[in-house]
Amino acid sequence: MIPTLLESAVTPRLNSPTLHRLPNGLTIVAEQMPIDAVNLSLWLGVGSAVESDAINGMAHYLEHMVFKGTSCLQSGEFEHLIEQRGAVTNAATSQDYTHYYITTAPQDFADLAPHQIEVVLNAAIPDEAFERERHVILEEIRRANDSPQRRTFYRAMDVAFERSPYRRPVLGPTSVIEHLTPQQMRDFHATWYQPQSMTAVAVGNLPVEQLIQIVADGVAESQSRRVGTSSRQLPERLESEPEAPFTEIVRYEQVDDSLQQARLVMMWRVPGMVSLPQTYALDVLASVLAQGRTARLVRDLREDRQLVSGISVSNMTYTRDGVFYISAQLPAENLKPVEAAIAQHIRRLHTEPVTDAEIQRVRTLVANRYVFGNETPGDRAGLYGYYQAVVGDLEPALLYPTHIQSVDAADLQAAAQQYLSPDAYGIVAIQPAA
């Protein structure tokens with residue numbers, strides 16, 4: 001099969017990745033880039049959202065265990081081989097994906113890439129290493145719970161979602177992690193770590209055909225060593241309908257003795273990646289409200305009235321759900337006036353079009369960030385891997401600036417009116433003890 005170049009009417013294009021699919025279901029994305037490094041990113045559309053409550057935290061725990069060896073690589077050997085060549089490796093787990101990567105010199109890629117593939121596909125998950133790593137995971141959970149920012153986020157997700165798996169922490173709760181077994185993890189790995197749920201992205205200074213061949217050969221070699229999983233089918237995902245918008249103000253208040261300043265979070269349920277075209281206007285609105293010192297909320301609440309010490313807005317987009325998320329740090333006595341002020345700013349988006357100057361500022365910010373975020377092989381591999389693994393399509397990644405450029409004042413006003421009610425939202429207010 002000859003790889004085909006993704007084409008678009010938009011020219012000139014900064015990126016030109018090639019998409020190749022193997023008969024075993026693996027998707028390979030490759031691009032030659034004139035920088036003397038090569039990044040291999042392995043993306044699996046497997047995160048905490050596929051877990052049940054009984055194994056919440058398994059995907060993240062498994063991310064740690066992947067590096068504990070295989071039948072042909074002892075624990076620590078992979079890292080030793082990577083460090084010997086001056087390469088780097090790391091991994092991350094989220095609600096919707098798990099991501100492993102290495103960055104190597106071009107001349108080392110053919111040697112090191114198969115090892116990265118091997119540890120991901122053929123993790124042995126030995127009992128003793130599993131028990132040792134359990135203590136590491138439990139300490140990570142403890143540190144997360146000690147962080148005011150993380151605690152606030154957890155409370156916010158509890159309010160944002162009633163039934164969605166996105167309400168659960170990626171790390172899982174201590175009560176679950178304490179009782180997980182190595183065999184449960186082996187079963188989880190065998191079930192989900194299949195080529196058909198994986199996207200391999202190779203970007204760097206080697207010919208595209210060579211990048212694809214190295215990855216394909218590495219996967220075939222590792223698959224030949226898999227026992228009892230070659231014909232396993234991926235299970236049906238438990239897909240729930242996106243949660244309905246708030247119909248009233250849902251409030252959560254708490255006193256936290258460890259805080260020096262209060263935390264305020266206001267949230268609206270908005271579309272996820274399955275409704276991607278509906279997310280672009282919300283992305284722009286988030287920037288209009290809080291991207292930069294001249295953005296509306298920053299200028300009004302931090303710079304002019306000094307009601308908050310910090311404020312941010314993000315349009316958090318998961319696969320099936322999204323959250324428009326406004327977060328502020330502020331003196332406790334300002335909680336009510338800041339909530340009222342934010343609601344008033346949201347109301348203003350309903351009644352007054354965003355100005356041309358504000359829209360042009362955001363367009364420039366997005367265009368520049370896109371260029372700056374495409375400078376390294378790792379940047380591009382991350383962009384391609386995320387969209388292919390989570391959305392199942394590379395085109396939105398390549399055309400994101402174009403979509404943002406096409407958003408106008410009418411689109412922004414319509415999005416605010418449809419998704420951001422000044423009278424119905426979730427709110428978390430956490431303040432220090434008096």
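Which way, left-handed or right-handed, does α11 cross α15? I looked this up before anything else.

My ground rules: this is a predicted model, where local features need pLDDT of at least 70, side-chain atom pairs count only at pLDDT 80 or more, and totals for chains, interfaces and linings use all residues. Residues are numbered from 1 along each chain as its sequence is written, and side-chain values use heavy atoms, with hydrogens and water left out.

**α11 and α15**

I found that α11 passes α15 in a left-handed crossing (the near helix is turned anticlockwise from the far one by less than a right angle). Helices here are DSSP runs of H or I, at least four residues, and strands are runs of E, at least two, numbered from the N terminus. I get about 125° between α11 (335–351) and α15 (409–419), with axes 7 Å apart; axes are lines fitted to C-alpha atoms over the stretch in contact, and angles run from 0 to 180 degrees between N-to-C directions. Leu-349, His-350 and Thr-351 of α11 meet Gln-413, Ala-416 and Gln-417 of α15 (contact: heavy atoms within 4.5 Å).

**β12**

Next I checked β12 (426–431): 5 of its 6 residues are buried, so it is largely enclosed by the rest of the structure (buried: under 20% relative accessible area, 1.4 Å probe, protein chains only). I see β8 (250–255) pairing with β12 in the parallel sense over 6 bridges (pairing takes at least two DSSP bridges), and Arg-251 has Ile-427 as its bridge partner. β9 (262–270) runs antiparallel to β12, joined by 5 bridges; there Leu-264 partners Ala-429.

Key:
Buried < 20%, exposed > 50% of the residue type's maximum accessible area, 1.4 Å probe, protein only.
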